[in-house]
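Reader: I would like to learn how to read a few features of this model. Please take them one at a time.

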Amino acid sequence: MKPGYHEIYSRYRDNITRGVLKPGDKVPAIRVLAEELKVARKTVETAYAILTGEGYLVSQGARGTRVNPDLLLPDHHTPAEQTTGTLPESLITQRERAGFLRPGIPALDSFPYKKWLLLSGQATRSMRQEEMLNPPVLGWYPLRQAIASYLNISRGLSCTPEQVLITSGYSGSLRLILDTLASRSDKVLFEDPGYFMGQQLLKRIVPRLHTVPVDRSGMDTDYLLRNHRDARFAIVTPSHQSPLAVTLSLPRKQQLLDWASQNESWIIEDDYDGEFHYTRKVLPSLKSLDQHDRVIFMGTFSKTIMPSLRMGYVVMPASTVEAFTDCADIVASGQPVLTQKILTAFLNEGHFFRHLKKMRALYQTRRDWMIAALREVYGDLFFTEQNDGGMHIVAFLAKGSGDSEIARCWQAQQLQVNALSEWYRGTGKRYGLVMGYNNVRTYQEAIALLERPKQQTLELLLRNQ
């Protein structure tokens, strides 16, 4: 089969990031490569255009097209730092597929639709002419006030509305933070395993991306200090690690904060589902322990309200507000005021707090159902590890390493689980299935869903032992 432009693009990008092609190396002319691959010139032109646009290639006129001589690539001598390769199609396209057990989806059957529709109507009817202009780049101020109040109470922060910036969600927040504060020479650290969409985004925009292993106490800060003390950014999910569901231990939190303070580095705290802890009322955020204002806190309403809302926020350190404002004025366009007004009313009238309280109890029950059903259907072939909350569990394989094949088997039955090993970029992988449970409505439904792929799963487990 002839390669398409995306395959050509992926081959060259991977060869460049792995160091096979080095900065300054010449690549074949479009006509030559098209003839060699037996594809249309337009196919190669498109692939080269994307690579050039992302900074991997530069056109030097008569000298031809070359790998960008100024490109700064990650080191490749340490196995645990590998960040190459593309994610499996099953992960990349999962957000577009319907099914059950998909991680990160809130309990949509329990959302207060009528209240949301009522607030939507009120916001629409009260819309003023001046609100039809361009939205405020930093966000509608009443919403920034409401989020600051919520975070100060529930997440232990001490921030003002002026430090809150409204974004389009996870990707928008991360891009804006790095656009504002990072240079192309800065080393950026990410958890391994880590959120798969975050990996893909960072590989595209960060030339010097490295990974730090995660164990049962969270990010290995000793490894960070031994190998990456000079890093400029560390991106972490301390409250409920994605995907291993562990909490960063207090000693490691302190180590991380001390490192950031001593090296004038930044910690980006992704608090993607920090509201959902079941054995205690609230788990303090890492930002709440930050005495030197080195933590940039980011969150979204995708997990607490609905993914389609596409609304997130960043809590800017006081010293960076001006820089964020200048950058946002150039690269951001602001979020729709109407949506922000609805969300503001949802927060200010207490509906959000009541919804979270209800969801904590519901998710704890549904998690217990899923773990019990997993044990009932598969016995000791899978096991789970105790954790304090979140919106997904990891069903670890008791034996073998064939989680990718098992995940594909489950996906064929409309069970949109992930293979844990595919979230890793380096060595030391663990194997299992990452599965959501929020939309499992009864214990019997959990049993029925897990029974769907049972026979094929048992065959695969037996073959891989």
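Reader: What span should the 12 residues of helix 12 have, and how far apart are its end C-alpha atoms?

Author: Some ground rules. This is a predicted model: local features need pLDDT of at least 70, side-chain atom pairs count only at pLDDT 80 or more, and totals for chains, interfaces and linings use all residues. Residues are numbered from 1 along each chain as its sequence is written, and side-chain values use heavy atoms, without hydrogens and water. Helices (H or I, at least four residues) and strands (E, at least two) are DSSP runs, numbered from the N terminus. The expected span of a helix is 1.5 Å times one less than its number of residues. Helix 12 (residues 337-348) should span 16 Å, and its end C-alpha atoms are 16 Å apart, which agrees.

Reader: How many aromatic pairs does the structure hold?

Author: Rings of Phe, Tyr and Trp (its six-membered ring) pair if their centres lie within 6.5 Å; planes under 30 degrees apart count as stacked, over 60 as edge-to-face and the rest as tilted. The structure holds 18 such pairs. Trp116 and Phe346 make an edge-to-face one, 5.3 Å centre to centre with 75° between the planes. Trp116 lies in helix 5 and Phe346 in helix 12, so the pair ties together parts that are 230 residues apart in sequence. Trp116 is buried at 11% relative accessible area, and Phe346 is buried at 0%. Both belong to a cluster linked by ring pairs, including Tyr113 and Tyr150.

Reader: Which peptide bonds are cis?

Author: Most residues other than glycine have a negative phi, and most peptide bonds are trans. The bond from Asp192 to Pro193 is cis, with omega near 5°. Another cis bond joins Ser242 and Pro243, with omega about 15°.

Reader: Where does Leu101 lie, and is its phi positive or negative?

Author: Leu101 lies in the loop between helix 4 (89-92) and helix 5. Its phi is positive, near 65°. Leu101 is buried, with a relative accessible area of 6%.

Conventions. Buried < 20%, exposed > 50% of the residue type's maximum accessible area, 1.4 Å probe, protein only.
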